[in-house]
Amino acid sequence: MKCWTAVVLAACLMAAPAAFAAEKDKKDDPKHVKEGIADHRAMAEAHLNAAKCLESGRPEQECHAQLGKDCKGLGIGKYCGMKHKH
């Protein structure tokens with residue numbers, strides 16, 4: 001049984017560098033970079049709109065609800081990837 005564990009461990013260790021290289025290649029792909037830039041711009045616009053909403057005097061709950069809609073599929077979490085100190 002110990003030999004089987006060693007074989008599996010060795011296979012995993014040999015496959016790991018290839019997996020990391022494939023992920024790095026994906027991150028360097030110009031299409032992937034452009035998509036990342038577009039996502040960041042969309043999140044920035046959504047947050048700017050949320051700030052304008054709050055400045056207008058509308059309730060925070062309403063502004064955050066719109067932020068959630070605008071960021072659907074872009075950011076992580078309830079507030080589009082940003083946590084606030086309040």
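## Notebook: helix 2 and what sits against it

The buried residues of helix 2 pack against helix 3 (60–70).

**Ground rules.** I am looking at a predicted model, where local features need pLDDT of at least 70 and side-chain atom pairs count only at pLDDT 80 or more, while totals for chains, interfaces and linings use all residues. Residues are numbered from 1 along each chain as its sequence is written, and side-chain values use heavy atoms, with hydrogens and water left out.

**Entry 1, the layout.** I looked up the elements and got three helices and zero strands in the chain. From the N terminus the order reads α-α-α. Helices here are DSSP runs of H or I with at least four residues, strands are runs of E with at least two, and both are numbered from the N terminus.

I checked pLDDT, the predictor's confidence in each residue from 0 to 100. The chain has a mean of 78, and 63% of its residues reach 70 or more. Where is confidence lowest in the chain, and where is it highest? Helix 1 (residues 2–28) is lowest with a mean of 58, and helix 3 is highest at 93.

The chain's accessible surface is about 7300 Å², and carbon and sulfur atoms hold 63% of it. I note that these areas come from the Shrake-Rupley method with a 1.4 Å probe, and for residues only the protein chains shown count as cover. Of the 86 residues in the chain, 12% are buried. Buried means under 20% relative accessible area, exposed means over 50%, and partly exposed is in between (1.4 Å probe, protein chains only).

Helix 2 covers residues 30–55, which is 26 residues. From first C-alpha to last it reaches 37 Å, close to the 38 Å expected at 1.5 Å a residue. The expected span is 1.5 Å times one less than the number of residues. Which residues of helix 2 are buried? I listed Met43, Ala46, His47, Ala50 and Cys53. An α-helix has 3.6 residues a turn, so residues three or four places apart point the same way. Just past the end of helix 2, glycine 57 has a positive phi of about 95°.

I searched the whole structure and found one disulfide. The rule is a pair of cysteine sulfur atoms within 2.5 Å. Which cysteines does the disulfide join? They are cysteine 53 and cysteine 63, with 2.0 Å from S to S. The pair links distant parts of the chain, with cysteine 53 in helix 2 and cysteine 63 in helix 3, 10 residues apart. Both cysteine 53 and cysteine 63 are buried. The disulfide is left-handed because the torsion about its S-S bond is about -80°.

I moved on to leucine 54 in helix 2. Leucine 54 is partly exposed at 38% relative accessible area. Its contacts (heavy atoms within 4.5 Å) include Glu60 and Cys63, leaving aside neighbours within four places in sequence. From leucine 54 to histidine 64, 10 residues along the chain, the C-alpha atoms are 9.1 Å apart.

Arginine 58 and glutamate 62 form it, at 3.5 Å from N to O. Side chains of opposite charge can pair when their charged atoms come close. Arginine 58 is partly exposed at 44%, and glutamate 62 is also partly exposed, at 39%.

I looked up cysteine 71, which is in the segment after helix 3. Is cysteine 71 buried or exposed? Its relative accessibility is 5%, so cysteine 71 counts as buried. Cysteine 71 touches Ala46 and Cys80, not counting residues up to four places away in sequence. Alanine 42 is 29 residues from cysteine 71 in sequence but 7.7 Å from it, C-alpha to C-alpha.

Leucine 74 is in the segment after helix 3 and is partly exposed at 25%. With residues up to four places away in sequence not counted, leucine 74 touches Asp39, Ala42 and Met43. Glycine 73, in the segment after helix 3, is exposed at 77%. Between glycine 73 and aspartate 39 I have 34 residues in sequence and 9.4 Å in space, C-alpha to C-alpha.

Conventions:
Salt bridge = Lys/Arg side-chain N within 4 Å of Asp/Glu carboxyl O.
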